[in-house]
Amino acid sequence: MIQALNSAMDIMLGRDPSVVLMGEDIGYFGGVFRATEGLQRKYGEHRVLDTPIAEGGIVAAAIGMAVNGLRPVAEIQFADYIYPGFDQIVSELARLRYRSAGEFYAPVTIRTPCGGGIRGGQTHSQSPEGIFTHVSGLKVVMPSNPYDAKGLLITAIEDDDPVVFFEPKRVYNGPFDGDPNKPAVPWSTHPKGQVPEGHYTIPFGKADVVRAGSDLTIVTYGTMVFVALAAAASLGIDAEVIDLRSLVPLDVETIAASVTKTGRCVVAHEATRFSGFGAEILSVVQEECFWSLEAPIQRVAGWDTPYPHAFEWEYFPGQARVAKAIKAVMESP
Amino acid sequence: MRLHLPRPPARPGEKPDFGYVHLSPAGAVARPEVSARALDMGPLATELVRVLDDEHEAVGPWNPHLDPAELQVGLRHMLLTRLYDDRMQRTQRAGKISFYMRSLGEEAVSVAACMALSPGDMLFPSYRNQGLHIARGIPLVDLMCQLLSNTRDMCKGRQLPVMYHSRPGNLFSISGNLATQFPQAVGWAMAAALKGEDHLAASWIGEGSSAEADFHHALLFASVYQAPVILNVVNNQWAISTFQGYAGGEQRSFAARGPGYGIAGIRADGNDFLAVHAVTAWAAQRARTGAGPTLIELVTYRAAAHSTSDDPARYRAKDDQEHWPLGDPIERLKQHLIKLGEWSEERHRALATELEALVAASWQQAITYGTMSEGPRLNSDLMFEDVFKEMPKHLLKQREQMRAERG
Amino acid sequence: MSQFVFKMPDLGEGTVEAEIVAWHTEPGAQVSEDQVIVEVMTDKAAVEVPAPVSGRVVSVTGAPGDKVAVGSPLIVFELGAAAPAKAAVSAPPAPAPRADSAMPRVAATAPPPEAAVPRAVPATRIMTSPANRRRAHEAGIDLATVVGSGPGGRIVRDDLATASAGSGANASAGSGEGASRSARPGPAAEPAMPTPAAAETSEIKVIGLRRLIAERMSEAKRTIPHFAYVEEVDVTELEALRQHLNGKLAKGEPTFTYLPLVTAALVRALASFPQCNALYDAARGVLVRHRSVHVGIATQTPDGLKVPVVRHAESLALRELAAEIRRVSERARANTAAREELGGSTITITSLGKLGGIASTPIINTPEVAIIGLNKAVERPVVHQGAVAIRRIMNLSSSFDHRFVDGYDAAAMIQALKELIEHPATIFIAR
């Protein structure tokens, strides 16, 4: 996925002279995850900027640049560090178009790695996407694979609205099915790891039915897509797995059509359970598909604790937790 | 062990005492080259740049030597600002608008600075810089319609009164959040430099707001990137009821923070039209020649309340502002022009009458677009527009629900 | 004081309902346990039913001559100080009565007021999933009359299937288009429980889909004067077409069977014989001819015979028709067919394929008036254009409702169908 993200930024830097990248360690060093590797060498120090360690300043400066006609792509090194920039994101970036009746707007993309499964503890493993979905004026996306990542990032950069782009770092290098003892599988072996070289976009607001099925619907995003697929396969359940990709705007039609068809739904995400984005999905499913529900909707999420270091695999919602939810929803008569 | 707590010199009922305000004699402070290093400009951050002395004469190296015609324009802008403020204050008290914030005593801070800048320079104001809008020629009707949130409101009903913006006037959208505009201005300036343009950005915050992290981010980024930006801290001594000591002003001037970041810091008399103009022009030239950003502290006094919701008699001496050592900006410029033989009290009165009539006529026009109680109203459908560039499905759906509710 | 609802007991030997012959008690009367309270008649015999409890009769259901389904409420008793005999507190209903028992035992539906945890269906709140509520609503089933066999007395989907006897429910040989045959809403079934002495025989309770099939088959045979018409059809050309089409399929595409081809031909033939594409509304005494052809595809499923429906077969091209036949059949087999996919047919096709034999007498799927059966297609020596030739022959064994379809019309329709099949191109020539 790293190469896909790099390619997206490379293409956009080449196509649109107003695109600039900014963030901590992204310029000369190429980013702590190598996402911006080689880009400063290729496009120069004035297109790919290193910044101070000041997330609030990064976002604010990006806003100012965007108002002056640039199209900044700001990296927040870990989603865990996004909070110092929260005010500028929520109070300013999200509302600028609205409060100025469209006279001013800031086409800023904020990229940030999120999620656990990497033994990063509570300051390198958080999934705060739900918090941002609650803010009107922000688009929130999270790809699960390289193909989607590149298309969505290009869409995000081209979008005139602000986008918070979450990158589940556990799947930077390959899909992860929740089993830490298995050897890592690279993206090169996976169909979604095949990424076209040129420019392409994936629209926001369109979920991907990763696997069609008729027993139940699993609505998920990010790393959990692969965990869910594996859990369903291990049970021999014919699950329809939907990768949301785009949290705001949300593809309600795809979710509703699926659960109406299957009558059974599991919602899965890494983020903490209480008031997580899963609660919104659950609510939407309940509203749209109530009369088709054969069983209560099940929710799989991280526990409501800060992300612990030593208990990584008890915390991470792995196949066991997903399988339990699948069984519960299938066994309701 | 005791915790020190900043205290203003005079509370209600006490005698006003502005001895804490460090003053320099008019014309005493040197004027360095625009290319001077911040580190070499030490005294400017703690002294006070003044051009008009107590006899209303322009003195010293900072004298901008402005044309009397230009000064008259400045006086006009300042007076219009004040009269507009006065009228809008009364209008709020009459219940015709919901809220207002005056800039009484701070007219020069905005007007003089604006006139020292170019129209292509981007301004990032706070809510007390209406002088900028007036000096840039934004019609009063437009400002009033924003106050009224009526059918001609530039914000389409979405903002509290006084949160103006003007794209053609290069006046950035005012936020209710404090200090957020400071680092945004720096970003804008960085982009101007990246694009190789001649424009600069200027921003204003109050001294109270300089406590926010955004202040630090602005100075840091301005310093790191040597952005072509002018960062103004308007030290009007009060942030609602919070005395400037709580923003750190007791221990150090606000301008002195500039050199701490390696930025040129200048402390200037905010009620002196010529001084404000001069330091702004200096900072503008510094920025445009690539010599970097400047932090300017405008020392002034918030002569009125924080807003129509505030009553300063509850936390400061009632006649405080009359004892302010640096006088009133309009009065001083007027006297200076009279001294130059380029103005008179009669002309001033006539100007005041003319401008009052302009304000009144503008109001009459503004209310034809709707008031809080009668006339055309904005369609609440507008609530759902401009959240995003294009209205997404979920908002279309919600708009339908709202319409059904509304009937 | 508590109430006890005595339901029609299972009287053995596969009875599903019994007719009330005579009441030996009445509301208000005080009865003692074992006292004969009602005399009922099954297919086999007359049976005297004794009171299972002592108490006062609150109400009785049914008058002499009425048929009462096994498991449906028969008498409501108000009990004395003694706790209700054998009243089950937990959800699973009582075990089946022994074959020789004259003392049937049934489950209580109303929880005894002294019960600490009423696990049976509570009097006020009906527990069932939203999907089941919808199904009940669409089927016109009053959930209050359904006893839940799920956890905590929850009504599960199968409970609805057994409850919907006669009101066009989600099973079996086609459903009527609204006309409800039975005035009595069915109660829940009791689960099959083997008798203790299982060595020589095993008992399977006739409930659920099987019971529905049984009832509908009986009714069809009972009410419709069936007449059969068998014709042999030369499908050599049809087979050639079928092979040709199958040869042109992409890898992995399912192959055509005879079924979609014959269905397409049938739809064409019906255009000239609207009297065969009709439904009889017995309640109103009206024969309703339909312009659209909704073809029931009799499908064998693990649960039993179901008839999923291909709607608007007249509007489907051949590929679509084949796909839709496949789709609804698979859904019926997988038990995922929606209610509207299992009813509403205007004519039914039944095919046993390779097991099809040479002739059969299919039972009409009420309230339709015709059913077309496909027998096995085999190679036979026949006289063809004056010489003996090996041709592929498939018999069509059809049944018609002689009340509404005269012999001549039936024969003419089948002949028209035969002609289309024997000249397959004509099936697809636009009108």
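## A pair within helix α7 of chain C

In helix α7 (residues 407–422) of chain C, C:K418 and C:E422 are 4 residues apart, so that about one helical turn separates them. In this predicted model, the two side chains meet in a salt bridge, with an N to O distance of 3.4 Å. C:K418 is buried, its relative accessible area being 18%, and C:E422 likewise counts as buried, at 19% relative accessibility.

Over all chains, the structure holds 55 salt bridges. Some share partners, and in this way A:D16, A:R71, A:D160 and B:K389 are joined into one network.

In chain B, a salt bridge links B:E331 with B:K334, whose closest N and O atoms are 3.4 Å apart. These residues lie 3 residues apart in helix α9 (residues 329–340) of chain B, and are therefore separated by about one helical turn. B:E331 is partly exposed, with a relative accessible area of 35%, whereas B:K334 is buried, with a value of 7%.

In chain C, C:R392 forms a salt bridge with C:E379, the closest N and O atoms being 3.5 Å apart. Because C:R392 belongs to strand β17 (residues 387–401) and C:E379 to strand β16 (residues 370–384), the pair ties together parts of chain C that are 13 residues apart in sequence. C:E379 counts as exposed, at 54% relative accessibility.

## A nonpolar surface patch on chain B

B:L3, B:L5 and B:Y246 form a nonpolar patch on the surface, and together they have about 360 Å² of accessible area. Of these residues, B:L5 is found in the segment before α1 (68–93) of chain B, and counts as partly exposed at 45% relative accessibility.

Terms used
Residues numbered from 1 in each chain as written. Chains lettered and ligands numbered in written order. Predicted model: local features only at pLDDT ≥ 70, side-chain atom pairs only at ≥ 80, totals over all residues. Heavy atoms only, no water. Patch = residues over 30% accessible without salt bridge, like charges linked within 9 Å, V, L, I, M, F, W, Y side chains within 5 Å. Areas by Shrake-Rupley, 256 points an atom, 1.4 Å probe, with all protein chains shown as cover. Salt bridge = Lys/Arg side-chain N within 4 Å of Asp/Glu carboxyl O. Helix = DSSP H or I, 4+ residues; strand = E, 2+ residues; numbered from the N terminus. Buried < 20%, exposed > 50% of the residue type's maximum accessible area, 1.4 Å probe, protein only.
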